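User: Hey, could you walk me through this one? I'll just ask things as they come up.
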Amino acid sequence: MSQTRRPAHQGRRTVARHGELSSPGPLAFLLKLVGVIAAVALVSGFGVAAYALSDLTSSFADDAVELEGQGALPPDIGAIEGGVDVLLVGTDECEPEYAYIFGDRCTGPEAEGQLNDVNMLVHISDNPRRVTVVSFPRDLMIPIPSCTREDGSTTGGSSYAQINQAWGDGGLSCVAKTIKELSGQNVPLAAKVSFGNVINITDAIGGVEVCIGNGGIRDIYTGIDWAAGPRTVQGVEALQFLRTRHGLENGSDLARISNQQQYMSSLARKLVSEEVISNPATLYKLATTAVDNITPSAGLTNPMTLAQIALAVKDVPFQDIVFLQYPVLEDPNDPNRVVPDYDAAGQMWAALAANEPIEVTHDQDLTGGVIVADPEPSEAPVDPTPTAEPGATPVPTETAVALPDNIPGQNAAQQTCSAGNVRAAG
């Protein structure tokens, strides 16, 4: 799946003055859900749910009475130990209240079954805590293992199939098994979110600000005709933004992933902003909306596990929240599909296993999905990472591991803008 590459002499293009911030085929093919909000909303949503619950129980405990002679309570819960991987799956199911958005995709002769079009593995490391979100392209051709369906029957599996077939073979469990075999990572926890859920969760926080570059985005398939500049998207607009690829410079699914990473970075910053984290009403709304709109695996229904995950990620600085695209090569059998680059992927997994800081070397201006933005000269948000006390032993600076240059990505401290394509008809 080739990508449009900009001539080297053009260099980086800049748009609205944003930049790196301080830490704290057929129509059906065009209309797939890109529910990337799940990646951050699941972890951060559970985090604020735990925060809201803690606030409620603390208030309740203010007037509590100590019982004389009773044994001590168990120690406070700690952050999850040893790190953990959580799979987030975005599905394109046609919920009745939103089917009109997708037209023939949900109501016409091209209507398809439910597909796992968004597949993200959230890796939470052990100390020092880092969060890495790896997106697997929906056009990725891989082996699909034999899976057990809900009715107890089993599938035969496939040696060569598109990754988004896994949901139809066995639901969330089959997607998790597929990602586990592809990545070599243990996947004990998983959850899925539909495109209707994306709308509800985004509305709960009052939208997310994104940046539109290259003169704007025009995409008739998603109904977008937006001018360049900052734009707060929520509800249906958020879904339109996450789904667009024909409105981007490259027009590929890989470009769309890069554009989604812009959204997720902005979402992460929004979730820890004063507008959300210091607003009890918004916190409560987000917490309850996340719980109502995410379908978890059994392990994620345990409140203890949710609290442990929340504690593990609550102080991770933005530069250590990294969004990556799984490395791929063009499929020799089909130029519209991709296959795994196992060598590059091995280097990525090794860096995560060693819990080393990682550096994205891929030029974002060449993704066709985003362009690099200028540094913002105005006041930046406060770094949520605690400042060292005077006289404290300085923490050694770690050397980042440079990832292969065919692994696009960015961290949550960076701001990029959509590489719009106003000439696109759709």
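User: What should I know about the model before we go on?

Analyst: This is a predicted model with residues numbered from 1 along each chain as its sequence is written. Local features need pLDDT of at least 70 and side-chain atom pairs count only at pLDDT 80 or more, while totals for chains, interfaces and linings use all residues; side-chain values use heavy atoms, leaving out hydrogens and water.

User: OK, what's the mean pLDDT of the chain?

Analyst: The mean is 75, and 69% of the residues reach 70 or more. pLDDT is the predictor's confidence in each residue, from 0 to 100.

User: Where does pLDDT stay under 50?

Analyst: Residues 22-39 are one such stretch, and the model has 85 contacts for them beyond four places in sequence. Contact means heavy atoms within 4.5 Å. Over residues 56-77 the pLDDT is below 50 as well, with 4 contacts in the model beyond near neighbours in sequence.

User: How many bridges link β7 and β8?

Analyst: 9, with β7 (residues 208-219) and β8 antiparallel.

User: Which residues make the contact between α6 and α7?

Analyst: The axes of α6 (residues 236-243) and α7 (residues 253-271) come within 8 Å and cross at roughly 140°. That makes the two helices oblique to each other: under 35 degrees is roughly parallel, over 145 roughly antiparallel, 65 to 115 roughly perpendicular, and the rest oblique. A238, F241, L242 and R243 of α6 meet R256, N259, Q260, Q262 and Y263 of α7. They divide into 4 nonpolar, 3 polar and 2 charged. Here Ala, Val, Leu, Ile, Met, Phe, Trp, Tyr, Cys and Pro count as nonpolar, Asp, Glu, Lys and Arg as charged, and the others, Gly among them, as polar.

User: And R269, buried or exposed?

Analyst: R269, in α7, counts as buried because its relative accessibility is 12%. Buried means under 20% relative accessible area, exposed over 50% and partly exposed in between, using a 1.4 Å probe and protein chains only.

User: Switching topics: which strands form the open sheet of 7?

Analyst: In order, β9-β6-β1-β2-β3-β10-β16, with mixed pairing. β9 (295-296) and β16 are the edge strands, each pairing on one side only. α5 (residues 195-204) lies across β1 (84-91) and β6 (189-194), at about 90° to β6. α11 (residues 342-353) packs on this sheet too, touching β2 (116-124), β3 and β10, and its direction makes about 160° with that of β3.

User: How many residues of β10 are buried?

Analyst: 5 of its 5, over residues 321-325. I321, F323 and Q325 are on one side and V322 and L324 on the other. β10 pairs parallel with β3 (residues 131-136) over 5 bridges, V133 being the partner of F323. With β16 (residues 409-411), β10 runs antiparallel over 3 bridges, and L324 partners G409 there.

User: Last one: which peptide bond is cis, with omega near -5°?

Analyst: The one from N127 to P128; P128 sits in the loop between β2 and β3.

Key: Helices (H or I, at least four residues) and strands (E, at least two) are DSSP runs, numbered from the N terminus. Two strands pair if DSSP finds at least two bridges between them. Axes are lines fitted to C-alpha atoms, for helices over the stretch in contact, and angles run from 0 to 180 degrees between N-to-C directions.
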